[in-house]
Amino acid sequence: MGLTPLYRFLLALALAVGTAQAQQGHPDSGRAIVANRQLGLCLLCHPAPIPEERFQGNLAPDLAGVGDRYTPAQLRQRIADSSAINPGTIMPSYRKTSGLTRVAPAHRDKPLFTEQQVEDVVAYLMTLREEKK
C-alpha cells in the first residue's frame, strides 16, 4: 500500500524540521570549539574575548565584535572555505575537502569540522558584538 500525498507531505515536513533543528548552532558549543587548541585552533591566529585562554594570536582579525561586522552566511563561508573569499588566506578551510595540498593521508577527503560544528561556531561568533558606549 502506497503513502498518501498528505502522509508524504507530513513526513517531508517532519524531516525538514528535524534537519533544521540539527543544524541550529549552539553558542556555548561554538565557544568551546573556538577556545579548543586541538580542534579549532582559532586562537592560534585570532585574539578573542575568551579571557581565560592565554597566549592568543595576533596574525588574524580580532573576533571581538565580529557579530556586528558579518552576517551568519558570511561567517559560515569564512569558516567553511575562506579561500573562496581570499585565495591567499592562511586560514584553514574547515569544510572543504578537495583542491587542498599537503594533507596528511589520515585526513584526506575529511573536513576538519562537521556541519554542526560550523553552525555552532557561527552561533557563538554572532554573539560577539561591539560594546555600546
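**Pockets, helices and salt bridges**

User: What volume of space lies in the largest pocket?

Analyst: This is a predicted model, in which local features need pLDDT of at least 70 and side-chain atom pairs count only at pLDDT 80 or more, while totals for chains, interfaces and linings use all residues. A pocket is an open set of points on a 1 Å grid over the protein atoms alone, where a 1.4 Å probe fits and protein lies on both sides within 12 Å along at least five of seven lines; its volume is the space filled by probe spheres set on points joined across faces, edges and corners. For the largest pocket, that space comes to about 710 Å³.

User: Which residues lie nearest the centre of the largest pocket?

Analyst: Residues are numbered from 1 along each chain as its sequence is written, and side-chain values use heavy atoms, with hydrogens and water left out. The lining, made of residues with an atom within 4 Å of a point, holds 32 residues in the largest pocket. Those that lie nearest its centre are H46, A60, R78, S82 and M91.

User: How many residues in the lining of the largest pocket are nonpolar?

Analyst: Nonpolar here covers Ala, Val, Leu, Ile, Met, Phe, Trp, Tyr, Cys and Pro, whereas Asp, Glu, Lys and Arg count as charged and the others, Gly among them, as polar. Helices α3, α4, α5 and α6 each supply at least two residues of this lining. When the lining is divided by class, six residues are polar and three are charged, while the number of nonpolar residues is 23.

User: Which residues are closest to the centre of the second largest pocket?

Analyst: The second largest pocket has a volume of about 530 Å³. Its lining has 20 residues, which by class are eight nonpolar, seven polar and five charged. Closest to the centre of the second largest pocket are S93, L100, T101, R102 and V103.

User: How many helices and how many strands are there in the protein chain?

Analyst: Helices (H or I, at least four residues) and strands (E, at least two) are DSSP runs, numbered from the N terminus. Reading along the sequence of the protein chain gives the pattern α-α-α-α-α-α. The counts are therefore six helices and zero strands.

User: Which residues of α5 are buried?

Analyst: A residue is called buried when its relative accessible area is under 20%, exposed when it is over 50%, and partly exposed in between, using a 1.4 Å probe and protein chains only. Across the 133 residues of the protein chain, 26% count as buried. In α5, where α4 and α6 are included in what covers the buried residues, the buried ones are L75, I79, A80 and D81.

User: Which residues does Q77 touch, leaving out those up to four places away in sequence?

Analyst: Q77 has its place in helix α5, and its relative accessibility of 34% makes it partly exposed. Its C-alpha atom is separated by 9.5 Å from that of R95, 18 residues apart along the chain. Taking contact as heavy atoms within 4.5 Å, and not counting residues up to four places away, Q77 touches S82, A84 and I85.

User: Where is E53, the salt-bridge partner of R37?

Analyst: R37 and E53 form a salt bridge whose closest N and O atoms are 3.4 Å apart. The two residues are 16 residues apart, and R37 belongs to the loop between α2 and α3. R37 is partly exposed at 31% relative accessibility, as is E53 at 24%. E53 is in the loop between α3 and α4.

User: How many salt bridges does a search of the whole structure find?

Analyst: Side chains of opposite charge can pair when their charged atoms come close. E130 is partly exposed with a relative accessible area of 41%, and R69 is partly exposed at 40%. For the whole structure, the number of salt bridges found is six.

Technical notes
A salt bridge is a side-chain nitrogen of Lys or Arg within 4 Å of a carboxyl oxygen of Asp or Glu.
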